[in-house]
Amino acid sequence: MSAQTTTGGVAERKVPPTSVRGAAMRGVVARPGQEAVEAKGWLRAHKWLLLRRASQLGILALFLLGPWFGWWIVKGNLSSSLTLGVLPLTDPFLIVQQLAAGHWPYREALLGGGIVLAFYLLFGGRLFCSWVCPVNLVTDAAAWLRRRLGLKGGKAPAGSTRYWLLGFVLVIAAATGALAWEWVNPVSMFHRGLIFGFGLAWGIVGGIFFYDLLIAPRGWCGHLCPQGAFYALLGRASVVRVSAARRSACNDCMDCFAVCPEPQVIRPALKGVGQDHPLILDADCTTCGRCVDVCGKDVFRITTRFNRSES
Amino acid sequence: MNEKVQPTGRAATSAPSPRRRFLKDAAGVAGGAGLLALGAGMYAKQASALPATAIRPPGALPEDDFLAACVRCGLCVRDCPYKTLKLAELGDGVATGTPYFEARDIPCEMCEDIPCVVACPTGALDRALTDIGKARMGLAVLIDQENCLNFLGLRCDVCYRVCPVIDKAITLERIHNPRSDRHAMLLPTVHSEHCTGCGKCEKACVLPGESAIKVLPIRLAQGSKAEHYLRGWEEKEAAGKSLIGDQVELPVRGLEDKAYGDTRVGPGESPQVPDYKPAQPAGGGLDSGWKP
Ligand code: SF4
Ligand code: SF4
Ligand code: SF4
Ligand code: SF4
Ligand code: SF4
């Protein structure tokens, strides 16, 4: 099919692929967002991406100010931290593992976990993935390179694998009586490594990059990561959602599918498959806002789950 | 290039029934995920053995519980004023991300306010520990009696002097030096009821390279008590009297005026053997009799 050629220019993209989902899975577009850049200008076509990178790197910088410059605004790492000496924040994924392993943590950790839990419950679980998690930088880079190099195919495990894995992570924690997943968890390992020193943990991060690049498109974050699955579960009823509010203007350019880390979540909203409102309610959506950026027709916007209006 | 990438293979085929198919898919996925998790669990189990030189911070729960509690946040590391603690990196041989120290590198200075314990949000370091003297991070063992200078008969004593619990955790035990036959040896001796395992002695040991005294995890440093063996002297003290009654004391010839069991011989008190003369070396004269 012509749309598969790497150089896929504007002319070719006029032919809508037969299967929306299949085409998205194959990543038909090498440079999604060209049209949007032309229509809205570079800055507006990268607005959410830039904000997201600023958030990810800003959070990382806060953690690094201490060890690098001695400004201890935040101590610790994403697993548990103390801000300005008063605000404890703890990753609820770790608290759940602790409980499974049979340890009841101190009040600080519970309080910190509660604050983080409440935030993601309210605003959207996978905001963690797109706005905080450092691994997202790595997997986004792999996805970008994959598009640019025109790498096709590859085999990713089913998207539900991560939910099973999440379940088994807790089972293994209970069986071993230890936070077993933390021996290999690339998320905490990468963040801790940046702040406290890596050792051989680069290997695991590199492994994820090349797995996503060469073996499985969006393989880690989209199919395997149990931490992402945990946050997705948290976000089932969260308020902030993406809406394909101007879906009538869609010209089937497929850019949003090509750029979305979880392309399967778009179709119900954009094409009205199995629902009539334009909200993306699938908890796998990371609210990264890339679809908003790359759409030349301004179909998407970030809004609340109560806003079902279409314009 | 018309490769067939099937989205997920749920397209209608002439397969038996979609439900069975779904169950089969799900079983496959679950199996894969289970294997992954099992792999992680087994790796975690085999990688959780702690090397003998890795000492946990004060107040750390017993290792099994510690590995269920510590979230590897490094807050204890940050609040240690002496940079004693560090988080294990992958490849260090310690459960990755957990805090530990190596005494020969930087020992624990036994801070009175124990900031590392206060900082821990999870209880992996137990706040029940409020007196650092009660910490039991490990136990010092004078492991190399062949190279320890005090065991060679010199007066090094450095480990003894640096010990924050001096004269309780380490004492110098005076014994006869059988090699010179006329000097004492002062042997640094660690007492488990007072040693906190801070590692100051290991750090200070003057030997180049490896130290003669080392802090080990208690499970390595101590044998288990022989419960079946009653220590007569302890029983006697507890009972206020000997449990086996008074012993018959038979006189020992030549030591009639001494307490029973005292076989020591004072200067000028040699056993009265008639015509006894110390052996004289051939040629006689200058040999003082001192054997180095
Ligand atoms: S899926 Fe996992 S690794 Fe990816 S961004 Fe989310 S938490 Fe991070
Ligand atoms: S007691 Fe003091 S020196 Fe020892 S580990 Fe804790 S903070 Fe560091
Ligand atoms: S502060 Fe507690 S939970 Fe955090 S690394 Fe230290 S021992 Fe582990
Ligand atoms: S480890 Fe050494 S210095 Fe520390 S209390 Fe024990 S004997 Fe003393
Ligand atoms: S410092 Fe080392 S060499 Fe000196 S007495 Fe102690 S153990 Fe022996």
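This report describes the sheets, helix packing, nonpolar cores and ligand surroundings of a predicted model.

## Basis of the description

Residues are numbered from 1 along each chain as its sequence is written, while chains are lettered from A and ligands numbered from 1 in the order in which they are written. The model is predicted, and local features need pLDDT of at least 70, side-chain atom pairs count only at pLDDT 80 or more, and totals for chains, interfaces and linings use all residues; side-chain values use heavy atoms, with hydrogens and water left out.

## The sheet β1-β2-β3 of chain A

Three strands of chain A form an open sheet in the order β1-β2-β3, with antiparallel pairing. Helices (H or I, at least four residues) and strands (E, at least two) are DSSP runs numbered from the N terminus, and two strands pair if DSSP finds at least two bridges between them. β1 (74–77) and β3 (87–90) of chain A are at the edges, each with a single partner strand, so one side of each has no neighbour in the sheet. Neighbouring strands are turned by 10° against each other on average, direction ignored.

β1(A) pairs with β2 (residues 80–83) of chain A over four antiparallel bridges, and the two strands form a hairpin with two residues between them. Across this pair, N77(A) stands opposite S80(A) and K75(A) opposite L82(A). Four bridges also join β2(A) to β3(A), again antiparallel; here S80(A) has T90(A) as its bridge partner. The hairpin of β2(A) and β3(A) has three residues between the strands, and L84(A) in the turn has a positive phi of about 50°.

## The sheet β5-β4-β6 of chain A

Another open sheet of three strands in chain A has the order β5-β4-β6, with antiparallel pairing. Its edge strands, β5 (279–280) and β6 (301–304) of chain A, each pair on one side only. Strand β4 (residues 240–243) of chain A pairs with β5(A) over two antiparallel bridges, and V242(A) has I280(A) as its bridge partner in β5(A).

## Packing of helices α3 and α9

Two packed helices are described by the angle between their axes and the distance between the axes. The axes of α3(A) and helix α9 (residues 186–196) of chain A come within 9 Å and cross at roughly 35°. Axes are lines fitted to C-alpha atoms, for helices over the stretch in contact, and angles run from 0 to 180 degrees between N-to-C directions.

L60(A), F63(A), L64(A) and P67(A) of α3(A) meet H191(A), L194(A) and I195(A) of α9(A), where contact means heavy atoms within 4.5 Å.

## Nonpolar cores

The largest nonpolar core has 115 residues, and those with the most contacts inside it include Y120(A), W220(A), F300(A) and I213(B). Such a core is a set of buried Ala, Val, Leu, Ile, Met, Phe, Trp, Tyr and Cys residues joined through side-chain atoms within 4.5 Å; buried means under 20% relative accessible area (1.4 Å probe, protein chains only). A second, separate core of nine residues includes L179(A), V71(B), L75(B) and A119(B).

Ligand 3 is surrounded by 14 residues, the closest being C70(B), C73(B), G74(B), C76(B) and C120(B); a residue is near a molecule if one of its heavy atoms lies within 4 Å of it. This shell has eleven nonpolar, two polar and one charged residues. Ala, Val, Leu, Ile, Met, Phe, Trp, Tyr, Cys and Pro count as nonpolar, Asp, Glu, Lys and Arg as charged, and the others, Gly among them, as polar.

The residues around ligand 5 include C148(B), C156(B), C159(B), C205(B) and I213(B). Its shell divides into ten nonpolar, one polar and one charged.

Technical notes
Buried means under 20% relative accessible area, exposed over 50%, partly exposed in between (1.4 Å probe, protein chains only).
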